[in-house]
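Dear colleague,

I am handing over the structure shown here, together with an account of what was found in it. Please keep it open while you read the notes that follow.

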Amino acid sequence: MSYQNELYQQVILDHNKNPRNFREIGETAHSCNGHNPLCGDKINIYLKIAPGDVIEDVSFTGSGCAISKASASLMTTFLKGKTAAEAKLVFDEFHKMVLGDLDPATQEHHLGKLTIFQGVREFSSRIKCASLAWHTLICAIDKTGETTME
Amino acid sequence: MAHFDVEKIRADFPMLAALEGGKPLVYLDNAATTHKPWAVIDRIRDFDSKEYATVRRGSYRLGERATDMFEQARKKVQKFINASDHREIIFTSGATQSINLAAYSFGKKFIGAGDEIVVTQMEHHANFVPWQLLCQEKGAVLRVAPITDSGELIIEEFAKLLGPKTKLVAVTMCSNVLGTVNPVKEICKMAHDAGAKVLVDGAQSTPHMAIDVRGIDCDFYAFSGHKMYGPSGTGVLYGKYELLDVLPPYVSGGDMINAVSLEKTTFSKPPGRFEAGTPAISQVIGLGAAVDYLTGIGMDNIAAYEHELLEYGTKILSKVPGLHIIGTAPHKGAILSFTMDAAHPHDIVTIIDQEGVCARGGHHCAQPLMTRYGVPATARASLAFYNTKREIDCLAKALQKVLEVFA
Ligand SMILES: Cc1ncc(COP(=O)(O)O)c(C=O)c1O
C-alpha cells in the first residue's frame with residue numbers, strides 16, 4: 001500500500017477540503033481552544049450538551065494541517081448524539097490507536113469510521129496532529145477553556 | 001570560479017550514500033544539522049582509540065598531548081573566523097549555550113533597569129529568548145527591529161532604536177528561515193557609534209561563507225559545530241578579549257579557577273573562566289578537523305557553489321504552481337522557505353519524505369518571524385555544498401506529488 005493510501009486517504013483529503021461543522025456555535029456552554037505549539041495548529045471546539053449529557057451539537061474552527069483538520073471534522077460528525085461519557089471512551093480508544101497500542105483489526109473498539117486514522121501510527125511526528133481535536137474536545141467537555149499539547 | 005567537483009565532495013560524506021525508505025537520501029535540512037565527512041569521523045575515532053585523555057589537568061604525557069590537540073583546535077577556530085587571539089575562543093555545547101553565556105555574563109555586568117537591548121524580527125529563539133529573559137530579570141527593555149516583506153532588516157528603523165540606553169544589539173548574520181544575510185559590519189558600526197556592544201549569531205553563516213570577526217568588528221560571535229559538518233555538542237563563543245576579561249563566569253566549578261579557598265575563589269583568565277568542567281574533548285578535536293576540511297575546500301568556493309544552487313533552486317521552485325517563497329532578499333544564503341496553497345507545510349514535508357527528501361516543516365524556532373509573515377509554519381529546504389542540482393530536481397518532483405495528493 002502506498003503512503004497516500006496509508007495516511008492521506010480519500011476520506012481524510014475530502015474532510016480537509018470540505019470540513020464538516022466548520023463553524024462556531026453561538027451561546028455555547030462549552031468551548032475550548034486547543035493549540036499544538038510544535039506546529040502552530042489551532043483547533044477550537046464548540047459543544048452543546050443537552051440534558052442527559054447528550055452531545056446535541058459540536059463544531060470546530062481553526063487552522064492546521066490536513067490531518068488535524070480532517071480529524072476534527074470527522075470527530076464532529078461522529079460525536080453528534082453520543083453522550084459525553086461515550087466521547088471520552090472513544091477519545092481513549094482513538095488515542096491508543098494512533099499510538100499503536102490498539103489494533104482495530106484485532107481488538108474490540110467503538111471507533112467506527114475513525115479507524116481511518118490508524119495509518120498515523122506509522123508517522124510519529126503526526127500523531128499529535130490527529131489527536132489535537134480530541135484533546136480539545138475533552139477540554140471543552142470539562143470546560144477548562146484552553147489546552148496545549150505537550 | 002574553478003569547477004566545483006561536487007561528486008568528489010559527496011564521496012567524503014558517508015551519510016549521503018544512505019537510502020531512505022529504499023530511495024536515495026536527498027538531505028535538504030542542513031540549517032538544522034549537517035552530515036560529517038570522513039575526515040571528522042576518522043579524527044574522532046583515531047583520537048578516541050589512540051590518543052584520548054582528559055585535558056588541562058595533565059600530569060602525564062598522554063594528557064599533555066591531548067591538551068595540545070585540544071588547544072590546536074582552538075587555534076584552528078581562531079584562524080577560521082580570523083580572531084586575533086586564541087584566548088578569544090570559548091568552547092561551548094552549541095550556539096544556544098554560547099548566546100546564553102553571553103547574555104548571562106554580559107547581562108550580569110552591564111545590564112540594569114531601563115537599559116535597552118535590540119534584536120530583530122528574524123532571530124532564532126536562541127537569539128531572542130535569552131535576551132527577553134534577561135530584560136525581564138533586569139527591568140530592561142527589549143526592542144525589536146522590523147524587516148521588509150522580502151526579509152531585509154529595515155536599517156532606518158533599526159537606527160531609530162539605537163540610543164544612549166542601548167547596551168547591546170543581538171542580530172543574526174544569516175536568517176535560518178529567510179536566508180537573509182544581514183549587513184553585520186554596518187550594524188556593528190552603527191551600534192558602536194551609539195555606545196552599544198554587538199553579538200552576532202553566526203550559526204547559519206559560519207558553515208557557508210568566509211567569516212572575519214575582526215572585519216565585522218562584532219564584540220561576540222556565536223556558532224555551532226554540528227551545523228558546520230562537525231560534531232553535535234560543540235559550539236563556540238568568540239568575544240573580544242578586553243570584553244571577556246571583565247565578564248563574570250557563567251557556569252562555575254573545576255577548570256575555571258585561579259585559586260579557591262574557603263572564603264573566596266578567584267577565576268582564571270578567558271577562555272578558561274568560561275569553560276568550567278570537562279569539555280567535549282573528542283568532539284572539539286573533531287570540530288578542529290571540520291575546520292581543516294572546510295578550509296581545504298575554501299569557504300569562498302563553498303559560498304559560490306551554494307549561491308549557484310540557491311539560484312537554481314529559486315528558479316525551479318518558482319515554477320511550482322501555488323508555491324510562495326518566503327525570504328527573497330537580494331543577499332541571501334542557500335535557504336528556501338516556502339508555503340503552498342495546496343497543502344500545509346507539515347503535509348508537504350510528510351509527502352516529500354516518502355520520496356526520500358528530508359526537509360523541515362514548522363516554525364523553525366522563529367515564531368516572531370512567522371507572526372510577521374502571518375503564517376503558522378513554512379516548509380524549508382536548506383542547502384549545503386554537498387547538495388546537487390539533481391537533488392533540487394528531486395525536491396521539485398516530490399512537490400508535484402504534493403500537488404497530486406491535494407489536487
Ligand atoms: C540562526 C540560529 N541561531 C541559533 C541556533 C541554535 O543552534 P543550536 O541548536 O546548535 O544551539 C540555530 C539552530 O537552529 C540557528 O539557526
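The domain bounds used in this message come from an automatic or database domain assignment. Please note also that this is a predicted model.

**The two domains of chain B**

Chain B is divided into two domains: domain 1 is made of residues 6–30 and 298–405, and domain 2 covers 41–296. Their C-alpha centres are 28 Å apart. To the contact between them, domain 1 of chain B gives 36 residues and domain 2 of chain B gives 32.

The size of an interface is often given as the accessible area lost when the parts come together. By that account, domain 1 and domain 2 of chain B bury about 2700 Å² between them, with 58% of it on carbon and sulfur atoms. Of the area that domain 1 of chain B buries against domain 2, 23% is supplied by Met299(B), Leu369(B) and Arg372(B), more than by any other three residues.

Arg372(B) also takes part in a salt bridge, in which its side chain meets that of Asp149(B) at 2.7 Å, N to O. Across the interface of the two domains of chain B, the rule finds 1 salt bridge and 21 residue pairs in polar contact. On the side of domain 1 of chain B that touches domain 2, the elements giving two or more residues are helix 11 (299–318), strand 14 (335–340), helix 13 (367–373) and strand 17 (378–382) of chain B. Helix 13 of chain B gives the largest share, 6 residues. By residue type, this side of domain 1 divides into 20 nonpolar, 10 polar and 6 charged residues.

**The ligand**

There are 13 residues around the ligand, of which Thr96(B), Asp201(B), Ser224(B), His226(B) and Lys227(B) come nearest. A polar side-chain atom of Lys227(B) is 2.6 Å from an oxygen atom of the ligand. For Gln204(B), an N or O atom in the side chain lies 2.6 Å from a ligand oxygen atom. His124(B) has a polar side-chain atom 3.1 Å from an oxygen atom of the ligand.

**The contact between chain A and chain B**

Chain A gives 18 residues to the contact between the chains, and chain B gives 15. The two chains bury about 1300 Å² between them, 59% of it on carbon and sulfur atoms. The count between chain A and chain B is 1 salt bridge; Arg126(A) and Asp347(B) form a salt bridge, with their closest N and O atoms 2.8 Å apart. The count of residue pairs in polar contact between chain A and chain B is 8.

On the side of chain A that touches chain B, helix 1 (3–6), helix 2 (10–17) and helix 3 (66–79) of chain A each supply at least two residues. The largest share, 3 residues, comes from helix 2 of chain A. This side of chain A comprises 11 nonpolar, 4 polar and 3 charged residues.

**Two details of the backbone**

Pro270(B) and Pro271(B) are joined by a cis peptide bond, with omega about 0°. Pro271(B) is placed in the loop between strand 12 (265–267) and helix 10 (281–297) of chain B.

Tyr229(B) has a phi near 70°, a positive value in a residue other than glycine. Tyr229(B) lies in the loop between strand 9 (220–224) and strand 10 (235–239) of chain B.

With kind regards

Definitions and conventions. Residues are numbered from 1 along each chain as its sequence is written. Chains are lettered from A and ligands numbered from 1 in the order in which they are written. This is a predicted model: local features need pLDDT of at least 70, side-chain atom pairs count only at pLDDT 80 or more; totals for chains, interfaces and linings use all residues. Side-chain values use heavy atoms; hydrogens and water are left out. Contact means heavy atoms within 4.5 Å. Buried area is the accessible area (1.4 Å probe) that two parts lose on being put together, summed over both. A salt bridge is a side-chain nitrogen of Lys or Arg within 4 Å of a carboxyl oxygen of Asp or Glu. A polar contact is a pair of N or O atoms within 3.5 Å; within protein, one must be able to donate a hydrogen and the other to accept it, and residues adjacent in sequence count only if both atoms are side-chain atoms. Helices (H or I, at least four residues) and strands (E, at least two) are DSSP runs, numbered from the N terminus. Ala, Val, Leu, Ile, Met, Phe, Trp, Tyr, Cys and Pro count as nonpolar, Asp, Glu, Lys and Arg as charged, and the others, Gly among them, as polar. A residue is near a molecule or strand if one of its heavy atoms lies within 4 Å of it.
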